[in-house]
Amino acid sequence: MDFSKYQKSTTSVWAGETDPFTSGAVTTPIIKSVAFAYDDLDEWHRVATGKAEGHIYSRNTNPTVQVLEEKIRILEGAEAATSFATGMAAISNTLFAFLAPGKRVVSIKDTYGGASRIFLDFLPRYQVGVTLCDTTDFDALETEIAKGCDLLYLETPTNPTLKVVDIARLAAAARKVGAITVVDNTFATPINQNPLALGADLVLHSATKFLGGHSDAMGGLLCGKKELVDTVFQFREINGASLQADPAYLIARGMKTLELRIERQNASALTIARHLKAHPRVQDVFYPGLESHPGHDIAKAQMSGFGGILSFSLAGDYDQVKTFLPKLQFAHLAASLGSVSTLAGPPRTTSHVELTAGQRSLLGIPESLIRYSVGIEHVNDLIADLDNALASL
Ligand SMILES: *Cc1c(COP(=O)(O)O)cnc(C)c1O
């Protein structure tokens, strides 16, 4: 079925689910089978050697998991997609599938904490060159890319200060030197941003966040050009970080409402960002949808919505955060993001807990910063909740 002429809301529901399921089921069956049987040995051989479609063993492919891969493939406008046990598995498998001693990667300083650990701790052990540039210094990034590199790794908007990176400009620079551009699209989701259409070669997701959307399943997804996805898939088959059928089902189920949730979260986050910006007890608000945000123009050009995550700093120090956060009634104080329920936490305790105060300051992360992942609750209730907690300061 050619989904290119349909809207994303339609695709989210139907992609991967157009062939009839067993017994006429109207939702994806959870096929837990480890192996798949063949009476015809010639057919088995054809499937095993990739000459015919089918499944052999669930570490490699699984029918339930394939439904999810098909949804993300179509939503991102990609040739191929594959999946992983977690978002970090998607990131690490992609990096290790393409990098080897003597290769060089260029990236930004504000990548997700786990990706940053790979760049700083793991890749150097394998003699892979790593250069991390200031996230919004595109001139410096272009200069580093032009020196020659094999892989450009980007993430936008970034965690937790929502910096915006110009995907089209940097992907073009990478293409000139024959480097692959990989973009972590977790914060934006394919509803708000499609990096492949902007020139990236591969796009990856922590499906644990907005795609699943209910904080009840972990997974990672990768899509892009078939040849590149195949390279990572072959590494993952052997590395073994495969996604299981149960979480794949939950993520695919969550994705059916992806567009509905993201539309709501985009709208609520913008309303909340504007409200907090005008509040005397709030020092600074970081949200790419605000005209005052330094990345607003690029965000407007490359995103169709500004996303469900914002962060803000309180006037005062970390003690204010300790008073404020527990007063919120409609926010889980927890790591993670992108759920139907609002989640809030200080980067000092969550994403950037392993850094020192000095390192956080270098990244522009104030100690009184709070990351706020807007859920699908009514925006008026969230604003009243925030106002109530702010009044306690
Ligand atoms: C959470 C997250 C990851 C890692 O995903 P896991 O599913 O937790 O392994 C990667 N990138 C971003 C931007 C994230 O928010």
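**Figure 1. His332 sits across from Leu343, a residue of strand 11.** What you're looking at is a predicted model, in which local features need pLDDT of at least 70 and side-chain atom pairs count only at pLDDT 80 or more, while totals for chains, interfaces and linings use all residues. Residues are numbered from 1 along each chain as its sequence is written, and side-chain values use heavy atoms, with hydrogens and water left out. Helices (H or I, at least four residues) and strands (E, at least two) are DSSP runs, numbered from the N terminus. Strand 10 and strand 11 (residues 343-345) pair in the parallel sense over 2 bridges; two strands count as paired if DSSP finds at least two bridges between them.

**Figure 2. Let's zoom out to the open sheet of 5 strands, ordered 8-9-12-11-10.** The pairing here is mixed. Strand 8 (282-286) and strand 10 (332-333) are the edge strands, and each has a single partner strand, so one side of each is left without a neighbour in the sheet. Helix 11 packs on this sheet and touches strand 8, strand 9 (309-314) and strand 12 (369-373), where contact means heavy atoms within 4.5 Å. The direction of helix 11 makes about 15° with that of strand 9. For such angles, axes are lines fitted to C-alpha atoms (for helices, over the stretch in contact), and the angles run from 0 to 180 degrees between N-to-C directions.

**Figure 3. Here is an open sheet of 7 strands, with the order 1-7-6-5-4-2-3.** Its pairing is mixed as well. Strand 1 (80-84) and strand 3 (129-133) stand at the edges with a single partner strand each, so one side of each has no neighbour in the sheet. Going from one strand to the next, the twist averages 20°. Look at strand 1 and strand 7 (residues 220-224): they pair in the antiparallel sense over 5 bridges. Ser83 stands opposite Leu221 in strand 7.

**Figure 4. Helix 4 and helix 7 lie across strands of the 7-stranded sheet.** Helix 4 (residues 87-98) lies across strand 1, strand 4 (151-155), strand 5 (180-184), strand 6 (202-206) and strand 7. Helix 4 runs at about 150° to strand 6. Helix 7 (residues 167-176) lies across strand 4 and strand 5, and runs at about 170° to strand 4.

Figure 5. Most residues other than glycine have a negative phi, and most peptide bonds are trans. Where do you find Pro157? Check the loop between strand 4 and helix 7. Pro160 has its place in the loop between strand 4 and helix 7 as well.

**Figure 6. Lys256 and Glu17 join side chains in a salt bridge (3.2 Å, N to O).** Lys256 lies in the loop between helix 10 and helix 11 (258-277), and Glu17 in the loop between helix 1 (8-14) and helix 2 (41-48), so the pair ties together parts that are 239 residues apart in sequence. The whole structure holds 16 salt bridges.

**Figure 7. Ser23 has a positive phi of about 60°, although it isn't a glycine.** Ser23 lies in the loop between helix 1 and helix 2. Just after helix 2, Gly50 takes a positive phi of about 75°.

Terms used. Salt bridge = Lys/Arg side-chain N within 4 Å of Asp/Glu carboxyl O.
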